[in-house]
Amino acid sequence: IKELQETEQLKDEERGYLGISCEDVTLEENAIYNIPIGVYVTEVAKGGGADKAGIVAGDVIVAVNGTKVETRASLQSRINSKKIGTKVTITFLRAKGGVYEEHEVEVELKGSDSLDSIGGEEESQGDEAPNYGDYYDDYDDFYNDFFDFYYNN
C-alpha cells in the first residue's frame, strides 16, 4: 500500500531505468537448472545505473527496496514508476562456484538514453538483437548465458 501511495504518474522522459536486459526465470527452468525464481539479467548497459552498481549479466534480481520481484513486469513496474536520479536498493543473487549468493546494492536510476548500448551491434555477443528499450526477447541469449555458467562451473 505504501509503495502504491508513493507511485507517481511520470512522463516518459522522467522515468528511471536500471539499464538492463532481462528475462523471467520460469518454474521449469528453476526445477531443471536450479536457477532461482526472479529476473535473470541477460545484458547490462555500459554506464547505466546497474553497471555502476556492479550488477552483471547472469545475476538474478529478486527484490527492489525489499519488495520481492519474480517477473520482468513486476520489476519494470517498480522501477519505471520512479524518477531519474532516484536511488533504489536491488537485491540479487549471483552464482559463485555453483551456489547463488545474495547481494544488495544501491542503484541510481538513469534515463532511457542509458539503454542505448543494450542490444546494439557493438555490444552484442554475435546476435543482431534490436534495441527495444529496457529489454529484448532473445531466449537464445538467456539459455546460452546459463549454459555457459552451468557447464563451465
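**Entry 1: R94 and its partner**

I started at R94, which has 26% relative accessibility and so counts as partly exposed. This is a predicted model, so I keep that in mind for everything below. What does R94 form a salt bridge with? The partner is D59, with the closest N and O atoms 2.8 Å apart. R94 sits in strand β5 and D59 in the loop between α3 (49–53) and β3, so this pair ties together parts 35 residues apart in sequence. I then checked D59 for burial: its relative accessibility is 1%, under the 20% cut-off, so D59 counts as buried.

I looked up the confidence next. The mean pLDDT of the protein is 80, and 71% of the residues reach 70 or more. Over residues 121–153, though, the pLDDT is below 50, and this stretch still has 54 contacts in the model beyond near neighbours in sequence. Where pLDDT is low, the predicted coordinates should not be read in detail.

**Entry 2: overall layout**

I counted 5 helices and 6 strands. Along the sequence they come in the order α-β-α-β-α-β-β-α-β-β-α. Of the 153 residues in the protein, 43% are buried. I also asked what share of the contacts with a separation of 6 or more joins residues 24 or more positions apart. That share is 59%. The exposed surface comes to about 8500 Å², with carbon and sulfur atoms supplying 44% of it.

**Entry 3: strands around β5**

I went back to β5 (residues 87–96), the strand that holds R94. β5 runs antiparallel to β3 (residues 60–64), joined by 4 bridges. On its pairing with β6 (residues 99–108), also antiparallel, I found 10 bridges. I followed L93 across: V60 stands opposite L93 on one side, and E102 in β6 stands opposite L93 as well. The hairpin of β5 and β6 has 2 residues between the strands, and there G97 takes a positive phi near 60°.

**Entry 4: other positive phi values**

Most residues other than glycine have a negative phi. I therefore noted two exceptions. N34 has a phi near 65° and lies in the loop between α2 (27–33) and β2 (39–44). N34 is exposed, because its relative accessibility is 56% and the cut-off for exposed is over 50%. N65 has a phi near 50° and lies in the loop between β3 and β4 (67–68). At 41% relative accessibility, N65 counts as partly exposed.

**Entry 5: the nonpolar cores**

Which residues of the largest nonpolar core touch the most other members? In this core of 19 residues they are L18, I20, I55, I61, L75, I79 and I90. β1, β2, β3, α4, β5 and β6 each give two or more residues to the core.

Leaving out residues up to four places away in sequence, L18 touches G48, G49, A50, I61, L75, I79, I90, V107 and L109. I20 lies in strand β1 (residues 20–24) and, at 5% relative accessibility, counts as buried. I20 and I55 are 35 residues apart in sequence, yet their C-alpha atoms are 9.0 Å apart in space.

I checked how well α4 (residues 72–79) is covered: 6 of its 8 residues are buried. Those are R72, S74, L75, Q76, R78 and I79. L75 and I79 turned up above, in the list for the largest core.

The structure holds 3 salt bridges. One is E23 with R72, where the closest N and O atoms are 3.5 Å apart. E23 lies in strand β1 and R72 in helix α4, so the pair ties together parts 49 residues apart in sequence. Are E23 and R72 buried or exposed? Both are buried.

I looked up E70 too, and it forms a salt bridge with K68, the closest N and O atoms being 3.2 Å apart. E70 is partly exposed, with a relative accessible area of 37%. K68 counts as exposed because its relative accessibility is 58%.

Notes
Residues numbered from 1 in each chain as written. Predicted model: local features only at pLDDT ≥ 70, side-chain atom pairs only at ≥ 80, totals over all residues. Heavy atoms only, no water. pLDDT = per-residue confidence, 0-100. Contact = heavy atoms within 4.5 Å. Buried < 20%, exposed > 50% of the residue type's maximum accessible area, 1.4 Å probe, protein only. Areas by Shrake-Rupley, 256 points an atom, 1.4 Å probe, with all protein chains shown as cover. Pairing = 2+ DSSP bridges. Core = buried A, V, L, I, M, F, W, Y, C linked by side-chain atoms within 4.5 Å. Salt bridge = Lys/Arg side-chain N within 4 Å of Asp/Glu carboxyl O.
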